[in-house]
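Hello,

Here is the structure I promised to pass on to you. Have a look at it first, and my notes follow just below.

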Amino acid sequence: MRSGASQFLAQLIGLGLAVAISVAISHGLGASAEADAFLLGRRLVTGLQEVLVQVLTLVFLPMVAMRAGKAALLRLGFRVAAAGLLIALAFAALSGPIVAAIAPEMQGEAAAMARRVIVVLSGSLPLALVGVLMGAALNLSGRFGWPALARLAPRAMVLGVFLAGLGASQSVMWAAVGFVAGNAVALLMMLPLVRPVEAPKSQVAPHVGAALLLVAGAQGSLWLETALAARAGVGGITLLEMGQRVAALLGNTLALALVMPAFAKWTARPDERTGRHFWKLAAAGTALLVLAQGLLMILAPRIVANVLGQGALGAEGQEALLPVIWILALAPFATLLSRLLVVWRITGAGGHLGQVGLAVVVDLCVRSILGLTLLPAIGVQAVALGMVLGPLASAAVLGALSRRDLCGEGVGFLPVLGSMMGLAAGVVVMWAAPMVFPWFAEQSIVSTLASTSLSGVSALGVFMMWIRWRGLVWVFRF
């Protein structure tokens with residue numbers, strides 16, 4: 001639990017940075033063509049980078065565990081850097097066709113800016129890939145918090161640029177440069193702590209094919225979402241990005257904090273891969289998500305009006321953003337279950353490539369059908385709906401394949417009941433605080449964030465008391 005908690009704490013700081021970036025963009029650029037240009041390039045390139053961080057860890061952990069000695073780690077690092085460089089060159093060379101294919105409606109200076117952003121951001125990919133490898137080496141030695149903390153450097157750089165008060169075009173380009181520099185800083189933070197294993201720790205083969213399928217599926221989903229959002233009109237990409245950052249990032253952070261330590265444990269010690277451990281993770285993750293996402297859904301109107309809407313994002317943008325946030329608040333539940341089942345299948349014996357491929361295809365099909373059929377009627381909300389139901393369909397496929405292994409190993413409903421009680425306490429505090437201190441009722445960023453924090457702390461406090469009272473602490477020990 002300590003490893004997962006340290007990783008989650010670092011990622012929670014990253015959540016704050018991501019939300020701050022969204023607020024800075026909404027205040028400075030709004031749902032404009034410049035914002036769309038930056039976020040288009042950012043989603044395509046850094047979206048791939050985020051996928052690589054999550055998925056290639058599934059490959060690099062076993063690879064590092066099976067290779068002893070510094071020379072083996074260096075050879076692997078050079079190969080990874082070369083692969084990253086090739087991907088970066090491909091992205092940069094194809095930036096024009098990529099923008100034309102993904103967002104044909106984007107023309108003129110906005111399209112040119114998007115191409116330049118892609119070219120600059122491509123430079124981050126070799127650094128990011130080597131960073132994934134170094135992070136896997138640190139994870140194998142039991143360090144989860146420091147790699148997660150190091151990966152915050154790119155976001156911190158981007159936020160600093162947007163807070164500098166530059167013009168729209170300058171902010172966009174310097175933010176791209178800052179992101180690349182931040183990846184270099186992150187790698188430098190990890191390198192001094194990396195130690196190669198003295199002897200092989202695991203014989204679990206890295207499922208490279210399954211990981212490549214996951215990367216391709218995730219990247220396909222990202223491109224599909226971005227293309228559909230671009231077809232929703234000017235501001236569509238910005239609305240989707242803001243909604244995803246506000247509504248889904250915390251939940252996805254929770255999911256990653258639970259799944260990665262579990263994968264490291266199942267890789268290093270396959271005998272601990274049990275149905276009981278799986279359902280512990282599922283119950284703990286669901287309980288935490290009910291608490292976090294439930295509170296977010298209740299607070300969403302005030303967050304949109306008083307935090308995101310206090311700048312260039314007008315009333316029409318606020319009205320379009322709110323339902324997107326409500327829908328995307330459900331996405332982490334499907335993501336958690338899908339990721340757990342993917343890790344469960346990958347770390348087990350047998351053929352997994354076809355199973356993972358089937359799950360990826362089902363996910364993409366659901367997203368495509370929903371996007372193409374509902375986009376004309378409900379706009380970006382159709383994309384958000386696909387981001388919920390696509391992973392849920394994928395999880396249903398993998399769950400059906402795993403039902404015999406996982407049947408009868410549940411841990412009960414009490415952890416989720418505790419999160420519901422915590423959520424109720426948070427709502428009571430949210431309602432009572434303005435009556436006791438009228439300042440909490442003010443329509444300002446500071447009062448809204450303070451009210452949100454107070455409600456969250458109260459909800460978490462009640463939840464933790466329930467867990468201790470009912471003797472459920474063991475559920476959260478991973």
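Helix α5, which covers residues 95-102, has four residues to look at: Ser-95, Ile-98, Val-99 and Ile-102 are its buried ones. Viewed down the axis of α5, these buried residues fall within an arc of 95 degrees, so they line one face of the helix. Please keep in mind that this is a predicted model.

On the chain as a whole, the secondary structure comes to 19 helices and zero strands. Of its 478 residues, 55% are buried. If you take the contacts between residues at least 6 apart in sequence, 86% of them join residues at least 24 apart.

The largest nonpolar core has 72 residues, and the members that touch the most others are Ile-25, Phe-38, Leu-40 and Met-106. Another core, of 22 residues, lies apart from the largest one, and its members include Leu-281, Ile-346, Ala-395 and Leu-406.

Phe-413, Leu-414, Leu-417, Met-420 and Met-421 together make a nonpolar surface patch of about 420 Å². Leu-414 sits in helix α18, residues 414-436, and is partly exposed, at a relative accessible area of 30%.

Best wishes

How values were computed:
Residues numbered from 1 in each chain as written. Predicted model: local features only at pLDDT ≥ 70, side-chain atom pairs only at ≥ 80, totals over all residues. Heavy atoms only, no water. Patch = residues over 30% accessible without salt bridge, like charges linked within 9 Å, V, L, I, M, F, W, Y side chains within 5 Å. Areas by Shrake-Rupley, 256 points an atom, 1.4 Å probe, with all protein chains shown as cover. Salt bridge = Lys/Arg side-chain N within 4 Å of Asp/Glu carboxyl O. Helix = DSSP H or I, 4+ residues; strand = E, 2+ residues; numbered from the N terminus. Buried < 20%, exposed > 50% of the residue type's maximum accessible area, 1.4 Å probe, protein only. Arc of directions from axis to C-beta. Core = buried A, V, L, I, M, F, W, Y, C linked by side-chain atoms within 4.5 Å. Contact = heavy atoms within 4.5 Å.
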